[in-house]
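This briefing walks through a few local features of one protein model. Keep the sequence and the structure in view while reading.

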Amino acid sequence: MADARFYTASGPLTLAQIAEIAGATIGEGGDPQRRFTDVAALDAAGAGDVGFLDNRKYASTLAQSRAGACLLRPELAARAPAGMAVLLTPTPYKGYARVAKAFYPEPPASGKIDPRAVVADTAKLGDRVSVGANAVIGARAEIGSDCVIGPNAVIGDGVAIGEGTRIGAGASLSHCVIGSRVSVYPGVRIGQEGFGFAPDPAGHVKVPQLGRVLIGDDCEIGANTTIDRGTASDTVIGPGCMIDNLVQIGHNVRLGRGCVVVAQVGISGSTRLDDFVVVGGQGGLAGHLHIGEGARIAAQSGVHRDVGAGEIVGGYPAVPISEWRRQAAILKRLAKRKGEQ
Amino acid sequence: MADARFYTASGPLTLAQIAEIAGATIGEGGDPQRRFTDVAALDAAGAGDVGFLDNRKYASTLAQSRAGACLLRPELAARAPAGMAVLLTPTPYKGYARVAKAFYPEPPASGKIDPRAVVADTAKLGDRVSVGANAVIGARAEIGSDCVIGPNAVIGDGVAIGEGTRIGAGASLSHCVIGSRVSVYPGVRIGQEGFGFAPDPAGHVKVPQLGRVLIGDDCEIGANTTIDRGTASDTVIGPGCMIDNLVQIGHNVRLGRGCVVVAQVGISGSTRLDDFVVVGGQGGLAGHLHIGEGARIAAQSGVHRDVGAGEIVGGYPAVPISEWRRQAAILKRLAKRKGEQ
Amino acid sequence: MADARFYTASGPLTLAQIAEIAGATIGEGGDPQRRFTDVAALDAAGAGDVGFLDNRKYASTLAQSRAGACLLRPELAARAPAGMAVLLTPTPYKGYARVAKAFYPEPPASGKIDPRAVVADTAKLGDRVSVGANAVIGARAEIGSDCVIGPNAVIGDGVAIGEGTRIGAGASLSHCVIGSRVSVYPGVRIGQEGFGFAPDPAGHVKVPQLGRVLIGDDCEIGANTTIDRGTASDTVIGPGCMIDNLVQIGHNVRLGRGCVVVAQVGISGSTRLDDFVVVGGQGGLAGHLHIGEGARIAAQSGVHRDVGAGEIVGGYPAVPISEWRRQAAILKRLAKRKGEQ
């Protein structure tokens with residue numbers, strides 16, 4: 001059960017309500033009026049809790065579980081212990097996400113502007129915007145309705161933010177246009193100048209960065225991540241992208257829709273990712289590359305060439321993943337042989 | 001000598017006091033009443049300074065040094081120049097650390113709450129807590145005695161902190177319980193939501209993160225490091241862990257006691273490190289792994305499998321360190337052969 | 001054209017003025033009195049814009065461009081379309097940087113100290129210093145003329161900053177001396193304690209860090225980068241260094257003049273880089289190394305040995321770049337052979 005200092009469960013919800021929220025159907029014998037008060041992992045759940053089983057590998061946990069209800073695929077329903085209500089769905093994890101959100105909805109924007117926030121006279125705030133203590137909102141900034149600006153965050157002059165977006169504590173934004181329902185985590189830096197200069201032994205000459213950062217709707221930008229603004233054009237993050245912590249996104253980079261970028265990845269200037277690309281943790285992409293739709297890049301890979309749509313690559317330098325696995329296997333064998341001599 | 005703008009040496013201390021602080025014994029001919037005013041590196045030290053020699057490689061520095069006293073191992077005592085007091089100990093570096101701390105103790109918490117700090121009415125502060133300008137302390141937060149909260153730091157609602165802990169400038173904490181005598185450096189982000197969502201081309205569905213971050217006593221968390229809170233259970237950092245700058249620790253990760261995690265390491269969700277594991281800089285650990293007690297992971301390694309207690313691994317993907325060295329040697333030889341053709 | 005919410009072009013400038021700023025000569029037929037209002041990329045430029053062509057690879061863009069003027073090398077002048085004024089220079093990109101800066105000069109320090117800034121009584125501020133809302137400036141700090149301190153930045157006690165330096169939003173500085181015309185980006189952490197302790201199973205013993213960080217004139221320090229202070233001596237960044245985002249610089253590291261350090265690089269304690277060293281993104285350098293003047297380290301390399309002046313290295317562990325390329329080629333061939341079996 002969640003720590004009451006930090007979380008308050010709403011509810012209870014009936015099995016029928018939960019099924020509807022999850023997009024699931026109630027399995028044989030389930031009582032639609034049975035009430036539930038919380039979500040929990042299968043191995044920690046009790047009679048009032050809803051759990052889920054997504055990975056067949058953990059099917060053995062199911063039989064031992066005391067959860068009152070479980071979201072699972074129809075073919076596993078028979079393995080549920082007696083008395084457990086089953087909720088049938090082809091996508092149990094997604095269903096669980098929705099049910100958990102119903103029990104723990106994000107608290108709405110309070111609409112309270114802390115008296116210690118510093119909001120420019122010319123800034124425009126929508127309805128029910130809440131602004132934390134010591135946050136700073138610059139001249140001509142536009143903040144949509146239902147936004148939450150965290151304590152000590154800094155929103156620069158002219159920045160525009162859509163509706164229902166949340167900016168974390170201590171984050172700073174400048175030279176950017178942010179969509180709706182975006183989560184910007186604490187310490188994020190968006191819109192500062194990119195790394196552009198003409199090298200010169202007499203003193204490198206900085207090139208003014210005159211573009212913006214554009215972030216689409218429904219994105220997440222993880223803690224302490226940095227996204228530089230464009231040089232002449234813009235740095236663009238498409239709608240629905242999930243970006244983890246400590247990621248570096250260089251100037252003029254463009255991400256399509258729904259990309260997933262895991263922690264500590266670096267994407268160099270002007271590289272373009274089409275829709276639904278996935279980059280594993282600590283991966284590095286050189287500049288001016290094109291990564292095709294749905295491509296997947298393994299964790300820690302170093303990508304120096306374009307990657308085609310749907311390709312899966314890994315290694316340093318990155319090659320098709322099966323080739324990388326063969327490289328590792330060969331190297332292992334050669335090293336073993338030498339070790340045996 | 002330390003810059004007086006930033007440091008003030010307390011002291012002087014007698015050789016006898018220093019020996020006691022260091023847990024060392026005074027070598028032949030040393031005058032217990034001789035007074036010292038500072039610590040210094042052997043090559044910069046003068047007659048009033050205490051130096052140390054830990055690495056036999058630098059033994060030649062000893063003969064040239066003008067340090068008034070030196071912490072060293074008994075077997076090197078004979079190499080000290082005439083007039084230098086020697087302090088004998090099997091652990092000179094640890095002894096030096098203690099002596100340096102005696103000359104430069106951390107200033108105690110001032111007990112001053114800056115009038116520009118924003119402290120919620122329902123927050124509870126212990127004795128002698130100092131709170132910097134523009135720091136924000138949320139509702140129901142509990143801050144133990146002798147804590148120092150830096151300027152512009154943000155402590156979220158309900159956060160609990162032990163005694164004598166220091167929170168750096170601009171750090172932000174939420175959904176966490178922090179031990180005593182912990183150092184949280186500037187810009188650290190603790191307790192934000194982890195990277196958890198059900199992937200879906202129609203829009204990834206975020207999974208509510210309902211756990212906490214628990215940090216044990218005597219930990220150090222380096223600048224701009226990020227530690228995400230758990231999903232259902234907690235993210236746990238055991239007592240005495242040393243975590244460097246820009247490290248990423250994912251949700252549900254668990255570190256035992258005394259682990260050392262060097263800068264820019266990434267540890268993926270649900271991976272578990274037993275006591276005294278060391279991870280070198282920029283190392284990456286995949287999710288759901290188990291790293292045994294005392295295991296050591298070389299810098300920049302990519303770990304995709306469990307590592308046994310006491311094992312030393314390196315490479316990408318990581319293998320036993322001796323195997324990795326052979327791999328590198330073989331590759332070097334093959335490349336040279338080809339280069340000569 | 002730049003977004004008017006964020007940028008205002010000064011100007012217009014005549015071709016003669018632009019030529020002088022760029023250090024270029026006007027090509028045949030160019031009208032020195034012709035006026036220009038902006039800079040733009042060649043493929044987006046119109047009659048009032050100045051573009052540039054630096055990379056011969058993009059020469060085909062030139063013929064299609066509608067730019068009113070173009071900075072280029074003399075040998076490409078003949079390829080410019082009729083009506084385009086050409087500005088001849090051996091360094092078009094550097095010329096462009098200067099022209100862009102003339103159209104978009106950094107706004108001078110406003111000299112306004114926000115009433116919500118917290119400036120210690122004993123701090124000394126030069127002329128025309130501007131200090132953002134909720135910035136905190138500590139006791140005895142010295143800030144030179146024309147500096148701009150961003151909102152929510154924290155300048156620690158005793159910190160000294162030269163003239164015309166800019167400190168980004170939310171950055172924090174302590175135990176450091178910063179030169180003139182330095183750009184410190186948002187979220188940077190300078191001067192916190194380095195990662196130094198005597199390992200001990202009974203509890204690692206922290207070694208007091210008693211040095212400083214010294215940053216030379218004309219440096220750039222990228223967003224969320226961390227630079228630890230020295231242990232006994234100082235951590236030193238030479239003049240004119242360009243450091244990108246999320247870089248980690250350990251205690252006692254020394255960089256010479258004009259070094260370029262790309263995003264997410266980590267440099268371990270006491271390593272020394274001579275002038276004009278370049279380190280590619282995500283590169284890692286072990287501690288106590290010496291990297292010679294003008295050496296270049298490829299992105300993601302792991303450097304465990306000294307690198308000579310002018311050497312170019314790559315790989316993990318890093319070897320001369322040509323050797324690393326051969327290693328990759330051999331591995332590729334071996335893997336292919338096995339794949340075909």
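Asn152 of chain A lies in the loop that connects strand E13 (148-149) with strand E14 (154-155) of chain A. The model is a predicted one.

**Asparagines with positive phi**

- Asn152(A) is not a glycine, yet its phi is positive, near 65°.
- Is Asn152(A) buried or exposed? Asn152(A) counts as buried because its relative accessibility is 4%, and the limit for buried is under 20%.
- In chain C, Asn224(C) also belongs to a loop, the one between strand E24 (220-221) and strand E25 (226-227).
- The phi of Asn224(C) is positive, about 60°, and this residue is not a glycine.
- Asn224(C) has 0% relative accessibility and therefore counts as buried.

**Cis peptide bonds**

- In chain A, Gly11(A) is joined to Pro12(A) by a cis peptide bond, with omega near 5°.
- Pro12(A) sits in the segment before strand E1 (13-14) of chain A.
- In chain C, the peptide bond between Gly11(C) and Pro12(C) is cis, with omega about 0°.
- Pro12(C) is in the segment before strand E1 (13-14) of chain C.

**Helix H3 of chain A**

- Helix H3 of chain A covers residues 92-103, which makes twelve residues.
- From its first C-alpha to its last, H3(A) reaches 16 Å, close to the 16 Å expected at 1.5 Å a residue.
- Which residues of H3(A) are buried? They are Pro92(A), Lys94(A), Gly95(A), Tyr96(A), Ala97(A), Val99(A), Ala100(A) and Phe103(A).
- An α-helix has 3.6 residues a turn, so residues three or four places apart point the same way.

**Packing of H1 and H3 in chain C**

- Two packed helices are described by the angle between their axes and by the distance between those axes.
- In chain C, helix H1 (residues 15-22) packs with helix H3 (residues 92-103) at an angle of about 125°, and their axes are 8 Å apart.
- Because of that angle, H1(C) is oblique to H3(C).
- The crossing of H1(C) past H3(C) is right-handed.
- On the H1(C) side, the contact is made by Ile18(C), Ile21(C) and Ala22(C); on the H3(C) side, it is made by Gly95(C), Arg98(C), Val99(C), Ala102(C) and Phe103(C).
- How do the residues of this contact divide into nonpolar, polar and charged? Six are nonpolar, one is polar and one is charged.

Key: Residues are numbered from 1 along each chain as its sequence is written. Chains are lettered from A and ligands numbered from 1 in the order in which they are written. This is a predicted model: local features need pLDDT of at least 70, side-chain atom pairs count only at pLDDT 80 or more; totals for chains, interfaces and linings use all residues. Side-chain values use heavy atoms; hydrogens and water are left out. Helices (H or I, at least four residues) and strands (E, at least two) are DSSP runs, numbered from the N terminus. The expected span of a helix is 1.5 Å times one less than its number of residues. Buried means under 20% relative accessible area, exposed over 50%, partly exposed in between (1.4 Å probe, protein chains only). Axes are lines fitted to C-alpha atoms, for helices over the stretch in contact, and angles run from 0 to 180 degrees between N-to-C directions. Angles under 35 degrees count as roughly parallel, over 145 as roughly antiparallel, 65 to 115 as roughly perpendicular and the rest as oblique. A crossing is left-handed if the near helix is turned anticlockwise from the far one by less than a right angle, and right-handed if clockwise. Contact means heavy atoms within 4.5 Å. Ala, Val, Leu, Ile, Met, Phe, Trp, Tyr, Cys and Pro count as nonpolar, Asp, Glu, Lys and Arg as charged, and the others, Gly among them, as polar.
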